[in-house]
Amino acid sequence: MRWSQFYLFTTREVPRDAEVISHQLMVRSGMLKKLAAGIYTMMPMGQRSMAKLEAIVRRELDRSGALEVTMPTIQPAELWQESDRWSVYGKELLRIQDRHGRDFCYAPTAEEVITDAVRHDIRSYKQLPVSLYQIQTKFRDEIRPRFGLMRGREFLMKDAYSFHADADSLDQTYRAMHDAYCAILEACGLEYKVVDADTGNIGGKDSNEFMVLAETGESEIVSCECGYAANTEKAVTGELPSAPPLAAEEVAIEKVETPDLKAVPEVADFLDIEPSQMLKLMIYTSETEEPVAVAVRGDREINEIKLARLLGVDHPVLADDALVERVTGAPTGFAGPVGLSGVRFLVDRSAAALMSFACGANEVDAHFRFARWGRDADPGEVVDVLLADAGDPCPECDGTLQKTRGIETGHIFKLGTKYSENMSCNFLDAEGNDQPMIMGCYGLGIGRTVAAAIEQNHDDSGIVWPGPLAPFSVLLISLNPQDEEVVAATDELYGQLRNTGLEVLYDDRAERAGVKFNDADLIGIPVRVVVGKRGLKEGKIELSRRIDREKHLVDRADVVEKVVELSS
């Protein structure tokens, strides 16, 4: 494809709303144009990368045994009411009405539609298992769309669903999908980790996320050399090293005046102890739960995702000052477990392991030290709400956890019977009994994965495409488009390269060399071929790879063979 005939317009300007590098580079390289907040037009350059990823996805999903379908993006409210999600999904669900006043939504996902399709066809266990997938547009009305394709409102997604007669069958398909996702990311040339994950509002039991590793990733991952890996929302740890007791012997609890000292570090410093020897008490509330008190060791943080799942709510929030004072009798910053009553009390394992500790005294400007569980404070319900961190013990071996950052590109779930029971998606088992089908759900963001590839592969000059996702394999540059000899040589080489099956973008523009080289770095095509007047006089053509930009002068007769070699 000649650049002069291709729809590609680059820019040096960084969009004001582009906070992450993938968003900036996709706009600057002419891949993407904003239409509205979180809604984008995919231009030809971007569409080529998306299409390459779609082809990889289809190949691996087909190999897994899944069959492709296409489901409507506009879905009737009745299905969502059957699944009990119409009223609970939240404002991210874009609700609309047709001309007859009937309620519909723009699909954020397709569990309801696929369950409705299958329940009308499958009758017997002999027809199971079934795996179906689509690559289709979705819409989630994010309150704050940001990061370009990372968190847009409208996006392209591969979603797959499987239906089974028993848990063993689901396990087999889940493993096949797990392997297919690994194969997809490996085929894209991306570094990734598979981590244990929270199921979120999709529901279900087991869940794994597929994280493309990138320093700019929005998700934190903890992992160990033994193979354990989880995002910090789900991660568990081994038993933390014990904090030393405040006194060698049992000492009576003592109240200490701590005027205007609220934060753990400043209180610990005032008491001449370590933050790990303190207990931190937080009060949470939600739309559906009464206030709950949660204790964690002073040097650690509460994992609010774990807390939400424990409480069975979507979003626990820290109580305001008035509620804290009503529950504890003291302003925020002075809460503690001693004398706490009339509220549910959860104690993280890290806090429960403290033999003696300092804590808020539930009165203004005062803290206790030498407090003990059982003697001075009710030990409450011991739970795991700890936010895992680097250096923590691994839960599966004697190693320690390391922390990296990643971008979630895929997420797979064991849904169980959450949807099939509500929507009467049943089958007859071998004994003739009616049973709900057991389901799995498997999502992979198409645009998000392309953006993640850029987050992982870029430098200060632009994109550094991994070959499988590059819009073109080769960028052919004519340095002297007014010189007939150079044009003839470049045209001849263009035809030869295309005859090998390589996808070539031929920069035949009447632009200065500096402009062409800057654009070449920006769009990031893996192999660059430069034809210039000076080189031709010596019978040489310049080749380089975008990943290292090391230049090689190659005999004109050997160029095609060398380009094919570099492109493989």
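Student: In which sense do strand 15 and strand 17 pair, and over how many bridges?

Tutor: Strands of a sheet pair through backbone hydrogen bonds, either parallel or antiparallel. Here strand 15 (residues 292–297) and strand 17 (residues 344–348) pair in the parallel sense over four bridges. Two strands count as paired if DSSP finds at least two bridges between them. Strands (E, at least two residues) and helices (H or I, at least four) are DSSP runs, numbered from the N terminus. Please note that this is a predicted model, in which local features need pLDDT of at least 70 and side-chain atom pairs count only at pLDDT 80 or more, while totals for chains, interfaces and linings use all residues. Residues are numbered from 1 along each chain as its sequence is written, and side-chain values use heavy atoms, with hydrogens and water left out.

Student: Which residue is the bridge partner of Val-292 in strand 17?

Tutor: The partner of Val-292 is Arg-344.

Student: What is the order of the strands in the open sheet?

Tutor: The sheet has five strands in the order 16-14-15-17-20, with mixed pairing. Strand 16 (317–318) and strand 20 (381–383) stand at the edges with a single partner strand each, so one side of each is left without a neighbour in the sheet. Helix 7 (residues 304–311) packs on this sheet and touches strand 14 (279–285), strand 15, strand 16, strand 17 and strand 20. Touching, or contact, means heavy atoms within 4.5 Å. The direction of helix 7 makes about 135 degrees with that of strand 17; axes are lines fitted to C-alpha atoms, for helices over the stretch in contact, and angles run from 0 to 180 degrees between N-to-C directions.

Student: How do strand 18 and strand 19 run, and how many bridges join them?

Tutor: Strand 18 (residues 357–360) and strand 19 (residues 366–371) run antiparallel and are joined by three bridges. Gly-360 stands opposite His-367 in strand 19. The hairpin of these strands has five residues between them, and Asn-362 takes a positive phi near 55 degrees there.

Student: How many aromatic pairs does the structure hold?

Tutor: Rings of Phe, Tyr and Trp (its six-membered ring) pair if their centres lie within 6.5 Å; planes under 30 degrees apart count as stacked, over 60 as edge-to-face and the rest as tilted. The structure holds nine such pairs. In one of them, Tyr-106 and Phe-139 have ring centres 5.3 Å apart and planes at 40 degrees, so the pair is tilted. Tyr-106 lies in strand 6 (residues 103–106) and Phe-139 in strand 7 (residues 130–139), so the pair ties together parts 33 residues apart in sequence. Both Tyr-106 and Phe-139 are buried, where buried means under 20% relative accessible area, exposed over 50% and partly exposed in between (1.4 Å probe, protein chains only).

Student: Which residues do ring pairs link into a cluster?

Tutor: The cluster links Phe-345, Phe-357 and Trp-373. The rings of Phe-345 and Trp-373 have centres 6.2 Å apart and planes at 45 degrees, so this pair is tilted. Both Phe-345 and Trp-373 are buried.

Student: Is Ile-438 buried or exposed?

Tutor: Ile-438 is buried, because its relative accessible area is 18%. Ile-438 is found in strand 24 (residues 438–445). Not counting residues up to four places away in sequence, Ile-438 touches several residues, including Phe-163, Leu-170 and Thr-417. The C-alpha atoms of Ile-438 and Ser-169 are separated by 9.0 Å, although these residues are 269 apart along the chain.
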